[in-house]
Amino acid sequence: MKKASLCIDRHYIVGDVDKRIYGSFIEHLGRAVYEGIYQPDSPFADEQGLRKDVIELIRKLNVPVVRYPGGNFVSGYHWEDGVGPKENRPEKIELAWNVIETNQFGLNEFMDWTKKADTSAMMAVNLGTRGPEDAKNIVEYCNLKGGSYYSDLRKKHGYEQPHNIKLWCLGNEMDGPWQMGHKTAEEYGRIAAEAGRIMKMVDPDIELVACGSASHAMPTFGTWEDTVLAESYDQVDYLSLHQYYGNQENNTAEFLANTVDMDHFISEVLSICDAVKAKKRKKKTINLSFDEWNVWYHSNEQDKKLERWVKAPHQLEDVYNFEDALLVAGMMITMLRHADRVKVACLAQLVNVIAPIMTSDTGAWMQTIFHPFALISNYGRGTVLNTLVNAPVYESRHGDAPYLDAVCVMNEEDETVTIFAVNKDLEDSMELTCDLRQFEGYQVKEHIMLTHSDVKAENTEEHPDNVAPVKVENEAMDGGILKAVLKDKSFHVIRLGK
Ligand code: AHR
């Protein structure tokens, strides 16, 4: 059995967990909106056509913020098409995903939905085919009390009170050649700065996220971040990161080693943010919004066969397996280890489209990745402790990959410490030791494990509980030292308290 240890000190902290790190994303894409969160003809729909069964599952995920309406979609979107009487809303071709958008669901319906799902909005503006003028108008529509054209228009649409949306994305993946209105870093930096400046004139309390690179592998990665921030540093509060991983080569060890790449990606973007800060001699620090992250590759081939100009097709419907759940856990642990600077993160996406929740006409079910997200989101609140991981490593294309991904979160309010750990070893169990003598009187309250003998095991509508968390017999604490056995290929939540 391999051996590993965690070294922590209750005074040696990374930072407080910003709860928005447990955000997610709903785009007008495939069946995320239509048949996902909104399906008026479903027996599960409420009086507004919102699916109650889906809302119930989202509440279990405990998602404090949801990014909307895109994604690539936002770069061609006219938000005005989705507000006002539904019978007047236009059906339009949607060029990001080659479908027909009916606009039967829009900004106001989304805001109603956020209340029912116990979440809040992170709204994106179109800086692809549109620009600062449109960005100004949507902030006015959403956040001003009244007495101006767009705020009064909102009232006319039945929304007397402002939506008060405080977190805004300045476009989406503007470095990507696939993006409508794709720009060079200089062009985007300028438009982000000007749109941001004008949006803050309308509501100075909003926070803005500028687009970083669409992935770590983009050829312009690095120079893009540097140039965009050089132009827009004063106006923006966060820089975005997007990253999806896949196991196209069917190599589980390499796939799970992607947490090393994610860690490097975060550190490198932080270095650039801080280098621009130094060059500009600024006091303000730019933090990170990892506003698209997940596993995405299972549906790629299928999606190439899709017919154009249909409504709400089955698009990006990845069916997740157990190894995907392990990587999702590892990615969340990686972000928590940077909790001092990663303030917002969005699992992309939430329903039907590369999602933890799937729907059919007869129900909604949890994919494998639902479980690590729900466990970490629910138990990972508090302060992240600097967690030194002493574990054996294996070689990967990203360099040495530890067999163990782990982090400890302390919650002083409810007097708990929670260890999140992934044993990436595909053959061997691991004996984990952690010295918790500083936490006098703490015992193991609960040990939850997610594991399966088959890394390719999936949850389906017929077998929704194939991959699901189980309780492990309480581990012994001996003189304040925790010893736990982590089964091969498994994710663990070990909760300690008084
Ligand atoms: O989440 C799916 C797509 O991935 C988003 O629309 C886009 O921003 C990214 O490329």
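**Exercise 1. Find where Gly-71 lies and which bond joins Gly-70 and Gly-71**.

Step 1: Gly-71 sits in the loop between strand 4 (66-68) and strand 5 (92-94). Strands here are DSSP runs of E with at least two residues, and helices are runs of H or I with at least four, numbered from the N terminus.
Step 2: Gly-70 and Gly-71 are joined by a cis peptide bond, with omega about 15°.

This is a predicted model, where local features need pLDDT of at least 70, side-chain atom pairs count only at pLDDT 80 or more, and totals for chains, interfaces and linings use all residues. Residues are numbered from 1 along each chain as its sequence is written, and side-chain values use heavy atoms, with hydrogens and water left out.

**Exercise 2. Work out how helix 10 and helix 11 pack**.

Step 1: Take helix 10 (residues 322-336) and helix 11 (residues 370-379): their axes are 8 Å apart, at an angle of about 30°. Axes are lines fitted to C-alpha atoms over the stretch in contact, and angles run from 0 to 180 degrees between N-to-C directions.

**Exercise 3. Find how far the side chains of Glu-27 and Glu-173 are from the ligand**.

Step 1: For Glu-27, a side-chain N or O atom is 2.6 Å from an oxygen atom of the ligand.
Step 2: For Glu-173, a polar side-chain atom lies 2.7 Å from an oxygen atom of the ligand.

Terms used:
Polar contact = N/O pair within 3.5 Å; in protein donor to acceptor, adjacent residues only side chain to side chain.
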